[in-house]
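This report goes through selected local features of one protein model. The sequence and coordinates come before the discussion.

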Amino acid sequence: MDTKTVVLIFLALTTADGRSANKKQTEIRYDPTWESLDSRPLPTWYDEAKIGVFVSWGVFSVPSFGNEWFWEGWQGDKNPKYVQYMQDNYKPDFTYAAFASDFTAEFYDAEAWAELFAASGAKYIVFITKHHGGFCNWATNVSFNWNSMMVGPKRDLVGEMSQALRSKTDLRLGLYHSLFEWFNPLYLQDKANNYTTTRFAKEKTIPELYELVNTYKPDIVWSDGDWEATDNYWGSREFLAWLYNDSPVKEIVVTNDRWGDGDHCEHGGFLTCHDRYNPGVLQPRKWEDAMTIDKKSWGFRREAVLDDFLTMDEIIAVLAETVSCGGNLLINVGPTKYGMISPIYEERLRQMGEWLKLNGEAIYSSKPWVAQNDTVTPGVWYTQKGGTVYAIVLNWPQPGQLILGSALPKTGMKVSLLGYTEGSFSWQNASPKGISITIPPIPANKMPCQWAWVFAMI
């Protein structure tokens, strides 16, 4: 080996070591304070993804009546609707725990679900690991006998979903976890002590979170059930510091804002503020609209009728508004106790995927534009990406002119309709501002899609 080669190898090794050492020297560590935790940049994949599917499944899918708060409605609030339902259909001494044996999931096919979620155009899912009733959908060492391995399916539902998602798709895995449990004796004792004791948080909630992260390595930790106590009680900030500093997903994990009373819409990764949060205007921080296809419930309901479900027009409208204002859309489905996603949910997801195959360039990795919605024509939402401005038009213009009052005309600008193959559209300056696009007659069989049309201006 000649001297020149030795020197080059030495320099290469020095550079590699130097980079490594420099990385270690400049590695940012986060303290368990909101000032420090909130300074962590949100991993870029999340904003680029734009769309996720939420999966609401658990023992509440067995009664499948009212909504997923069935147990609280029946035995907590004593809601007459739930009390009467139980009196009419079950023996007097029936307990909620008895529902678990009928949570059978015999038709649960995680690979089929993963294929559906991918076909929807979503880029991540959020899967319920434990709702407020405390039943765990995974093989946990923390919750003895109140989990899916010990009773009901006798399967690791979370594990199967994780494996299918990662082996069959490129979707990212999010895990939902409720901090509190309505009727857990440890929690009720801490609550009775005005949260001066922390047995439930330290012995149940936080160990579950560590177990979920270390076992399944989720890309999202989606917390809930936090609002009755502060993050001091839950130990949320200490958990998040570990998650960001030392966990196996520290580089890529994303979190929400439900970590304690007063944290909603203030602290955490992205903001959810409240269910179905859709502010309609551009927000200074990244946010997510967690919403449901069934307008009345997150969980499956046997008594639902067609009018209870959002139409595709409504879903695309929410998607356009959300992305235009800088948010992500998390759209919920509620599987049955036997492990099927009902055709109404499947149809909505697949139709959303069809729309995104055609119009996804206006959604994925897009950024908010200078205007979110149009100032002249209602039902028009804007996004931008790579020098192109997109106008998502919810209502087909009649007659043959589309006036975009917020559009910025420029010499040589080309206007096209995504999916339309017959050429670009002529336009002229509108008065007092914006542009007027001439829409030629288009036969029904030449229309690029059924719901919402995207005009690209470049």
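Is C273 buried or exposed? With a relative accessible area of 10%, C273 is buried, because the cut-off for that class is under 20%. The model is a predicted one, and every value below is computed from it.

## Cysteines

The structure contains 1 disulfide. C265 and C273 form this link, with their sulfur atoms 1.7 Å apart. The torsion about the S-S bond is 70°, and the link of C265 and C273 is right-handed. The two partners fall into separate accessibility classes: C273 is buried at 10%, whereas C265 is partly exposed, with a relative accessible area of 32%.

Two further cysteines can be described. C325 is buried, with a relative accessible area of 0%. Its closest cysteine sulfur is that of C273, and the 13 Å between the sulfur of C325 and that atom is too far for a bond, because a disulfide requires sulfur atoms within 2.5 Å. C136 is also buried, its relative accessible area being 0%.

Strand β4 covers residues 220-224. Of its 5 residues, 5 are buried, so the strand is largely enclosed by the rest of the structure. Burial applies to both faces of β4: I220, W222 and D224 lie on one side, while V221 and S223 lie on the other.

β4 is joined to strand β3 (residues 172-178) by 5 bridges, and the two run parallel. In this pairing, S178 has D224 of β4 as its bridge partner. β4 is also joined to strand β5 (residues 254-255), here by 2 bridges and again in parallel. The bridge partner of V221 in β5 is T255.

## The four-strand sheet

An open sheet of 4 strands is arranged in the order β8-β9-β14-β11, and its pairing is antiparallel. The edge positions are taken by β8 (380-385) and β11 (415-417); each has a single partner strand, so one side of each is left without a neighbour in the sheet. On average, neighbouring strands of this sheet are turned by 25° against each other, direction ignored.

The partner of β8 is strand β9 (residues 388-393), and the two pair in the antiparallel sense over 6 bridges. Within β9, Y390 is the residue that stands opposite T383. Helix α12 (residues 312-324) packs on the sheet and touches both β8 and β9. The direction of α12 makes about 50° with that of β8.

## The three-strand sheet

Another open sheet has 3 strands in the order β10-β13-β12, with antiparallel pairing. β10 (401-404) and β12 (427-429) stand at its edges with a single partner strand each, so each has one side left without a neighbour in the sheet. Neighbouring strands here are turned by 20° against each other on average, direction ignored.

β12 pairs with strand β13 (residues 435-438) in the antiparallel sense over 3 bridges. One of the residue pairs in this sheet is N429 with I435, the latter being the bridge partner in β13.

## Helix α5

Which residues of helix α5 (residues 80-89) are buried? They are Y82, Y85 and M86. Seen down the axis of α5, the buried residues fall within an arc of 95°, so they line one face of the helix. These buried residues pack against α4 (70-76). On the other side of α5, the exposed residues are P80, Q87 and D88.

The start of α5 has a contact between a side chain and the backbone: a side-chain oxygen of N79 reaches to within 2.9 Å of the backbone nitrogen of K81.

## D47 in helix α3

D47 lies in helix α3 (residues 44-49). Its relative accessibility is 14%, and D47 therefore counts as buried. The side chain of D47 makes a polar contact with the side chain of K367, at 2.8 Å.

What is D47 in contact with, leaving aside its neighbours within four places in sequence? The residues are K286, N328, S366 and K367.

Definitions and conventions. Residues are numbered from 1 along each chain as its sequence is written. This is a predicted model: local features need pLDDT of at least 70, side-chain atom pairs count only at pLDDT 80 or more; totals for chains, interfaces and linings use all residues. Side-chain values use heavy atoms; hydrogens and water are left out. Buried means under 20% relative accessible area, exposed over 50%, partly exposed in between (1.4 Å probe, protein chains only). A polar contact is a pair of N or O atoms within 3.5 Å; within protein, one must be able to donate a hydrogen and the other to accept it, and residues adjacent in sequence count only if both atoms are side-chain atoms. Contact means heavy atoms within 4.5 Å. The arc is that of the directions from the helix axis to the C-beta atoms. Two strands pair if DSSP finds at least two bridges between them. Axes are lines fitted to C-alpha atoms, for helices over the stretch in contact, and angles run from 0 to 180 degrees between N-to-C directions.
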